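Work through the exercises below with the coordinates open. Each task is followed by a solution in steps.

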Amino acid sequence: MATIQTAKAVMRKKCRHTLSLIPDEDKIRQSEIISRKLMNLPEFEASKRISIYLSTTDEVRTESIMKKILASNKTCFIPHYSGTSMKMVALKSLEDYENLPLTNWNIKQPSDDDIRTDALETGGLDLIVMPGLAFSLAGARLGRGKGYYDAYLKKCYEYAAITRKHSNDGILEI
């Protein structure tokens, strides 16, 4: 296991260096292409409850995706980090987003005393747009190393397994 962690750390360092060499204009242009492709997917169109990360300068920019979610009367959820855990909480509007405070990581998020709707407590998510430092051609994701999204996805799978077992009328489905 230590060998895998070491390999991931080396890969993260190489990826961060490679990303630092890409000019900001190229990052913005590529972000626009990725965002358009995502927003044109049938899965995006069909989704009503979407979680999206709030991007940093080294990530695919997500502001246009967030605006589309809000303009389409879909429910937009954003990360709220607390200690070693993360949950997805509702974002009410563009004005709500603009008024969010910045964290120590220079990422906007609701303050800890800002009580918001939690996605997994109110119906789950149809689509999760998550950041990654690198992706394989097969879709495997290398994150930044804190494990927030890995742990959150585990919670989502557990939530999905529980909700699949019970129909709306409380009868166990087999």
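Two rings of Phe, Tyr or Trp (the six-membered ring for Trp) count as a pair if their centres lie within 6.5 Å; planes under 30 degrees apart are stacked, those over 60 are edge-to-face, and the rest are tilted. The model is predicted.

**Exercise 1. Aromatic pairs**

Task: Find how many aromatic pairs there are, and classify the geometry of Tyr81 and Tyr148.

Solution: 
- Step 1. Applying the rule gives one aromatic pair.
- Step 2. The ring centres of Tyr81 and Tyr148 are 4.8 Å apart and the planes meet at 70 degrees, so this pair is edge-to-face.
- Step 3. Tyr81 belongs to strand β2 (residues 75–82) and Tyr148 to helix α6, so placed that the pair links distant parts of the chain, 67 residues apart.
- Step 4. Tyr81 and Tyr148 are both buried.

**Exercise 2. Charges over rings**

Task: Determine which rings have the charged ends of Lys74 and Lys108 over them.

Solution: 
- Step 1. For Lys74, the ring is that of Phe44, with the charged end 5.6 Å from the ring centre.
- Step 2. For Lys108, the ring is that of Tyr97, and the distance to the centre is 4.9 Å.

**Exercise 3. The strands around β2**

Task: Describe how β2 pairs with β1 and with β3, and decide whether β2 is enclosed or open.

Solution: 
- Step 1. β1 and β2 run parallel and are joined by three bridges. Ser51 has Phe77 in β2 as its bridge partner.
- Step 2. β2 and β3 pair in the antiparallel sense, over seven bridges. Cys76 stands opposite Leu91 of β3.
- Step 3. In β2, six of the eight residues are buried, so the strand is largely enclosed by the rest of the structure. β3 is mostly covered, with five of its seven residues buried.

**Exercise 4. Two residues compared**

Solution: 
- Step 1. The C-alpha atoms of Ile50 and Leu127 are separated by 4.9 Å, although the two residues are 77 residues apart along the chain.
- Step 2. Phi of Asn73 is positive, near 60 degrees, in a residue other than glycine.

**Exercise 5. The cavity**

Task: Count the cavities of 30 Å³ or more, then state what lines the largest cavity.

Solution: 
- Step 1. The count is one cavity of 30 Å³ or more, and the largest cavity has a volume of about 40 Å³.
- Step 2. The lining of the largest cavity consists of Thr84, Ser85, Met86, Gly147, Tyr148, Ala151, Tyr152 and Lys155.
- Step 3. β3 (85–91) and α6 (148–165) are the elements that give two or more residues to this lining. The largest share, four residues, comes from α6.
- Step 4. Sorted by class, the lining has four nonpolar, three polar and one charged residues.
- Step 5. Tyr148, one of the lining residues, is also a member of the edge-to-face pair with Tyr81.

Key:
Residues are numbered from 1 along each chain as its sequence is written. This is a predicted model: local features need pLDDT of at least 70, side-chain atom pairs count only at pLDDT 80 or more; totals for chains, interfaces and linings use all residues. Side-chain values use heavy atoms; hydrogens and water are left out. On a 1 Å grid over the protein atoms alone, a cavity is a set of points where a 1.4 Å probe fits but cannot get out, and a pocket is an open set with protein on both sides within 12 Å along at least five of seven lines; lining residues have an atom within 4 Å of a point. Grid points are joined across faces, edges and corners, and a volume is the space filled by probe spheres set on the points. Ala, Val, Leu, Ile, Met, Phe, Trp, Tyr, Cys and Pro count as nonpolar, Asp, Glu, Lys and Arg as charged, and the others, Gly among them, as polar. Buried means under 20% relative accessible area, exposed over 50%, partly exposed in between (1.4 Å probe, protein chains only). A charge sits over a ring if NZ of Lys or CZ of Arg is within 6 Å of the ring centre and within 35 degrees of the ring normal. Two strands pair if DSSP finds at least two bridges between them.
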